[in-house]
Amino acid sequence: MENASKALLMAGGVLIALLIISALILMFNQIGDYEKAQDASKKDSQLAEFNKDFERYLDDKDITGADIVSLINKVIDYNNKAKNGGVTNSVDYDIKMSITISGLDTFNSKYAYDNETNKIFKSPSYVIGNDYNNLTNQLKKDLDNAKIIENLNISRDQLKILSGMYDKDDKAGSKEKIKAKLIEIDSNKYKDWNGNNMDPKLDTIIKYRQYWEFKTSKFKPDGNAIYKNGQISEIKFKFDK
């Protein structure tokens, strides 16, 4: 009888131990699931924050050329980091990003001039960022060439005034008005200005006009953004007005 009681006590102890072990295993599993859920939530939050930095341009009804320039730099910066690939803060840098800007033939018809060399945009559309090794993409290069005049020893407001004086239907008259304004700015420096012999050259002034018209022009999203594994990878914009 005594042996039977001991056996029962031992069996009870084993059962209690098994119950405790089972409870501990269940608790650890629940903690693990909770931590995984928290980790997944954190990753989703980080990825959403990354996407938001680009999606805000799609939500903006009044996106300008200046915003487009900013977005181009963001895409180039992202693809530059993507050279090394891998995942950082839930962002998969093996996924390349691109931005397409179209409708620039409409922009040219509105703001450019009949001389092909004076057009800052040689193509009706550009794709930026598909090849992360080609960071000096053509659209950025064209814009940089157009704004080079900003590095000259003349104020931005003066450049805008000079650029605004050019009329493609009155080239000779425009040239004389620009020269008169330059002489007003510095009579000694620009008294012999003829449009080609010193900066700012007439060609540069014409391009700058298009540059600041581009920066203040309005663009609109051209279709929906494309995502890969929940991460934004392609966005398109089109010149509006």
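What share of the 241 residues in the protein chain is buried? Buried residues make up 34% of the chain, where buried means under 20% relative accessible area, exposed means over 50% and partly exposed lies in between, with a 1.4 Å probe and protein chains only. This is a predicted model, in which local features need pLDDT of at least 70, side-chain atom pairs count only at pLDDT 80 or more, and totals for chains, interfaces and linings use all residues. Residues are numbered from 1 along each chain as its sequence is written, and side-chain values use heavy atoms, with hydrogens and water left out.

The predictor's confidence in each residue is given by pLDDT, on a scale from 0 to 100. Its mean over the protein chain is 80, and 76% of the residues reach 70 or more. Over residues 132–136 pLDDT stays under 50, and for this stretch the model has 8 contacts beyond four places in sequence; a contact means heavy atoms within 4.5 Å.

The protein chain has 8 helices and 8 strands. Helices (H or I, at least four residues) and strands (E, at least two) are DSSP runs, numbered from the N terminus. Of the contacts with a separation of 6 or more, 62% are between residues 24 or more positions apart.

Helix α8 has 15 residues and spans 22 Å from its first C-alpha to its last, close to the 21 Å expected at 1.5 Å a residue; the expected span is 1.5 Å times one less than the number of residues. Because 12 of its 15 residues are buried, α8 is largely enclosed by the rest of the structure. Among these buried residues are L202, I205, Y208, W212 and F214. D203, also in α8, counts as partly exposed at 28% relative accessibility. Not counting residues up to four places away in sequence, D203 touches T117 and N118. The C-alpha atoms of D203 and K119 are 9.6 Å apart, across 84 residues of chain.

Helix α5 (residues 156–164) meets α8 (residues 202–216), with axes that come within 8 Å and cross at roughly 105 degrees. Axes are lines fitted to C-alpha atoms, for helices over the stretch in contact, and angles run from 0 to 180 degrees between N-to-C directions. The two helices are therefore roughly perpendicular to each other, given that angles of 65 to 115 degrees count as such, under 35 as roughly parallel, over 145 as roughly antiparallel and the rest as oblique. On the α5 side the contact is made by R156, L159, K160, L162, S163 and G164, and on the α8 side by I205, Y208, R209 and W212.

One of the α5 residues in this contact is L162, which is buried with a relative accessible area of 0%. Leaving out residues up to four places away in sequence, L162 touches I154, I178, K181, L182 and I205. L162 and L202 are 40 residues apart along the chain, and their C-alpha atoms are separated by 9.4 Å.

Two loop residues remain. P200 is in the loop between α7 (187–190) and α8, and the peptide bond from D199 to P200 is cis, with omega near 0 degrees. N229 lies in the loop between β7 (226–228) and β8 (231–239). Its phi is near 55 degrees, a positive value in a residue other than glycine, and N229 counts as exposed at 71% relative accessibility.
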